[in-house]
Amino acid sequence: MVRFGEPLALIGLVVVLGLLLLFRGRALGRALTTLLLILALAEPELSLRKRGELFFLLVDRSASVSDVVSSACREFFPALKGRRAEVGIIFFGKDPQLVRPPAPRLPEELPLISQGVDPEGTDIAAAVDLAASLVPEGKPAQLILFSDGRSTEGNPYAAVLRARLRGIKLSAVPLGRKDPLILRGIRGPDAMPPGVATFSAIASVGIALTAETLWMLNGKEVRREVLNLGPGEHRLSLEVELLEPGTYLVSLQLIAPEDPFPQNNRAETVVRVGEGARTLVVSQGDSTVEELLRDSGIPFGKVSFLNEFVLEGTDLLVLDNYPLGYISPLLLEHLRAFAEAGGGILVILGRTAVEGYLGQVEEILPVSFSAPEELREPSAALVFVLDKSSSMAGRAGTLRKIDILKEAVAAAAETVYDEDLLGALAFDRSVYWLVRPEPAAVARDKLYRVLKGLSPSGGTDLYPSTEA
């Protein structure tokens, strides 16, 4: 592509044309010299055309969407026609199907062919993975999902994270009931030196409504205002100083009571300031890990709360006594995809991290917080202290007290685990060891034999036997 720094100099081409007309072939040399001079004065520049964006339309063809998807895509086509981009189309139901490879010209209508798409299911994850696999490395790409979001197969959250880790963006166009307010993403720098950053977003409004805008930076509010929005598109912007190197999460939320789809009113983006830390520490207090990393000269970033967006640009994630109860099932899926993509996770556990935790984080760790399936009781030592004084010759009903004692001891000994220690002693005015404590598997038979010959006699002195 050629452009000119001084395009007015091209007016001199009239002189070249005049020389050729007046003198014909005799002035050809002069005309050529004049032409080169004029081109030099016009300062021509050769610019290389950048590779265009790549878009994939992921179109839900499941039974729950029906024909509404065609009109939604038709409304979206004009926005793509104004951009120099290649567009591919993937239909999906229970399985995905590539119906149009990426090409520079958009069709006027969606292809009618959808054989092979089973409408009795919805696998958004498979469609996202298929589109991502068709994106060349390093090529800017965006996936646009037309669906009601009712996925019955696969894990769409993990598939989206896998795409995002490759730098592929994803937008969603909800189908079904009309959404009066949609926030169409946040635009801003992906990386920048420390300084002032500008972020902008487009809010598409279908009816007149009042909305509260909330801008947040790393989970902290930076600006809030109430806007009266009429039908159409509205640009929202934020300027914020990012002076410290690190990873920042910028989010915008629109709060509108009239909107039945608030899930489409939030957008987030991540910007890395400075060199960017490949190691991220998540801790809600002072961390010894920070001192170790700093003393080792390893650059790192730190955040107080973990979310899926801070994983971008991170190689090693360190959870330093971070409460595991804060990790939702959705965030756990992002962590699983992060680990499967080659990311490292170091978890340092303390009381704050595990207190009251009943979740499944151990699924992505080489440790388990669950008790072994085999029930194992703690070991014990049991010693019977038996009264053999003369009073035990008395009767309780039809039985002697000493016989009741023997039966009770024998029955209790049966319940002792073989590995536990078992012993018995008897007392009157003196103390007599019947069986010294040893594993019950050995002591039990000895105890039975001794009990047979135990007979009442003597006085009663309880304290020495208890002390023994």
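Reply: Happy to! Let's start with Glu-268, which counts as partly exposed because its relative accessibility is 23%, and the buried class is kept for values under 20%. Please keep in mind throughout that this is a predicted model.

Glu-268 has a charged partner: it forms a salt bridge with Arg-266, and the closest N and O atoms of the two are 3.0 Å apart. Arg-266 is partly exposed, with a relative accessible area of 39%. Now look at Thr-269, which sits in strand S15, a run covering residues 266–273. Thr-269 is buried, since its relative accessible area is 11%, under the 20% cut-off. If you set aside neighbours within four places in sequence, Thr-269 touches Ile-186, Phe-199, Tyr-248, Leu-249 and Val-250.

The chain itself has 468 residues, and 39% of them are buried. Its secondary structure comes to 11 helices and 24 strands.

From here, let's follow the salt bridges. The whole structure has 15 of them. One of these joins the side chains of Glu-86 and Lys-139, with an N to O distance of 3.4 Å. Glu-86 belongs to strand S4 (residues 85–92), while Lys-139 is in the loop between helix H4 (124–133) and strand S6 (141–147), so this bridge ties together parts that lie 53 residues apart in sequence. Glu-86 is partly exposed at 29% relative accessibility, whereas Lys-139 is buried, with a relative accessible area of 13%.

Another salt bridge brings together the side chains of Glu-212 and Arg-224, 3.0 Å from N to O. Glu-212 is in strand S11 (residues 209–217) and Arg-224 is in strand S12 (residues 220–229), 12 residues apart. Glu-212 has a relative accessible area of 23% and is partly exposed; Arg-224 is also partly exposed, at 40%. The linking goes beyond a pair here, as Glu-212, Glu-221 and Arg-224 are connected in a network of salt bridges.

Next, a helix. Helix H6 (residues 288–295) has Val-289, Glu-290 and Leu-293 as its buried residues. Why do they sit on one side? They span an arc of only 100 degrees around the axis, which places them on the same side of H6. In general, an α-helix has 3.6 residues a turn, so residues three or four places apart point the same way. The face of H6 turned away from that buried side carries the exposed residues Thr-288, Leu-292 and Asp-295. As for what lies against the buried residues of H6, they pack against strands S16 (279–282), S17 (301–303), S18 (316–320) and S19 (344–348). After H6 comes Gly-297, whose phi is positive, near 75 degrees.

Strands S17 and S18 lead us to the aromatic rings. The structure holds two aromatic pairs. In one of them, Phe-305 and Tyr-326 are stacked, with centres 6.2 Å apart and planes at 25 degrees. Phe-305 is in the loop between S17 and S18, and Tyr-326 is in the loop between S18 and helix H7 (329–340), so the pair ties together parts 21 residues apart in sequence. Phe-305 is exposed, with a relative accessible area of 52%, while Tyr-326 is partly exposed at 45%. Tyr-326 also pairs edge-to-face with Tyr-322, at 5.7 Å centre to centre and 80 degrees between the planes. Tyr-322 counts as buried, with 1% relative accessibility. Through these ring pairs, Phe-305, Tyr-322 and Tyr-326 are linked into a cluster.

Finally, turn to the surface. Val-383, Val-385 and Leu-462 form a nonpolar patch there, with about 230 Å² of accessible area together. Leu-462 is in helix H11 (residues 462–467) and counts as exposed at 51% relative accessibility. The protein chain has an accessible surface of about 26,900 Å², and 55% of that belongs to carbon and sulfur atoms.

Key:
Residues numbered from 1 in each chain as written. Predicted model: local features only at pLDDT ≥ 70, side-chain atom pairs only at ≥ 80, totals over all residues. Heavy atoms only, no water. Patch = residues over 30% accessible without salt bridge, like charges linked within 9 Å, V, L, I, M, F, W, Y side chains within 5 Å. Areas by Shrake-Rupley, 256 points an atom, 1.4 Å probe, with all protein chains shown as cover. Salt bridge = Lys/Arg side-chain N within 4 Å of Asp/Glu carboxyl O. Helix = DSSP H or I, 4+ residues; strand = E, 2+ residues; numbered from the N terminus. Buried < 20%, exposed > 50% of the residue type's maximum accessible area, 1.4 Å probe, protein only. Arc of directions from axis to C-beta. Contact = heavy atoms within 4.5 Å. Phe/Tyr/Trp six-rings, centres within 6.5 Å; stacked < 30°, edge-to-face > 60°.
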